[in-house]
Amino acid sequence: MTTVTAQHRAAQERPGRRPELADFLRSRRARVTPADVGMAPGFRRRTPGLRREEVAQLSGVGVTWYTWLEQGRPINASPQVLDAVARTLRLDAPEREHLYHLAEVAYIPGRQGDTIEVGQEVQGIIDALDPHPAVVYNTRYDVLATNPAYRDLFGVPEMMGTGIRNVLWALFTVPAKDCPIVHRTRELPLMVATLRSGYGRHTGEPAWETFVAALSAASPYFAQLWRSGDVAPPGPRVKTFRHHAASAEIQMTSVSLSVNGLPECRIVAYTAADRESERQMTMLRGRRQEDPAPCRGRDLHRRS
């Protein structure tokens with residue numbers, strides 16, 4: 001465990017903490033290498049540590065905002081953003097607390113860095129996207145919020161017999177013939193590679209290590225893909241889905257959108273890729289309007 005210097009601790013007891021905050025962030029950034037976070041070193045790198053724009057990208061914040069923070073400018077920082085920066089810079093518990101003090105943000109010992117819920121504002125946005133499916137994921141693919149159209153197409157993973165609100169857990173533990181993703185061997189490796197791109201910021205964290213170990217034990221296919229070490233960022237894709245009530249496959253274009261104030265979270269919105277898929281989604285929406293009762297868990301994607 002890294003020891004915070006006496007000079008850094010002394011900054012907590014005197015006014016004008018911003019210059020000390022700037023020095024602290026620069027020193028922590030310099031010790032984290034690209035390899036530490038799963039990035040290629042690249043060419044013409046003048047410093048062994050991360051660049052400012054890399055810290056911003058990995059933390060899910062704007063480059064300008066992080067630059068101003070590291071320059072010691074008087075800007076406000078939320079606990080969620082500080083948690084994201086702390087994870088990227090691999091701060092231990094004393095360093096994380098020190099960062100909070102320097103940023104003049106109340107420190108809560110033992111707070112979880114992973115977002116587990118969203119506010120009404122974000123929920124309202126994805127509800128407004130209906131009839132287009134939309135969901136909010138964090139980096140671990142935990143399902144934080146959904147809209148009715150998403151539930152029409154997928155159901156909520158916690159209702160698929162697992163009790164775990166995580167889409168990876170649902171997809172890897174359901175039998176292959178019942179998986180809602182048609183091209184499973186193409187799409188699931190990409191999802192695991194996206195998971196690993198976020199894992200580099202959480203290596204050693206109990207919640208992440210427990211999740212990876214448990215899913216590896218539950219799914220040999222996930223364990224195989226995880227061992228490959230592949231890394232990929234989230235991005236737009238055309239995915240093909242099946243639904244037990246649909247008369248044809250459903251092709252959807254997915255787009256990931258970052259959410260300000262929720263580091264490492266994203267809204268994934270889907271639009272029909274062709275007219276037949278749009279017709280199938282309209283049919284599913286009609287079923288929901290005829291029977292507004294909640295979806296019935298594990299039978300959601302299973303063909304009768």
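Colleague: Over the ring of which residue does the charged end of arginine 196 sit?

Modeller: A charge counts as over a ring if NZ of Lys or CZ of Arg is within 6 Å of the ring centre and within 35 degrees of the ring normal. Here the charged end of arginine 196 sits over the ring of tryptophan 226, 3.9 Å from its centre. Arginine 266 has its charged end over the ring of tyrosine 141, 4.8 Å from the centre. This is a predicted model, in which local features need pLDDT of at least 70, side-chain atom pairs count only at pLDDT 80 or more, and totals for chains, interfaces and linings use all residues. Residues are numbered from 1 along each chain as its sequence is written, and side-chain values use heavy atoms, with hydrogens and water left out.

Colleague: How many aromatic pairs does a search of the whole structure find?

Modeller: A pair of aromatic rings is described by the distance of the centres and the angle of the planes. Rings of Phe, Tyr and Trp (its six-membered ring) pair if their centres lie within 6.5 Å; planes under 30 degrees apart count as stacked, over 60 as edge-to-face and the rest as tilted. The search finds eleven pairs. One of them, phenylalanine 154 with phenylalanine 241, is edge-to-face, at 4.9 Å centre to centre and 85° between the planes.

Colleague: Which residues form one aromatic cluster?

Modeller: The cluster consists of Phe172, Tyr199, Trp208, Tyr221, Phe222 and Trp226.
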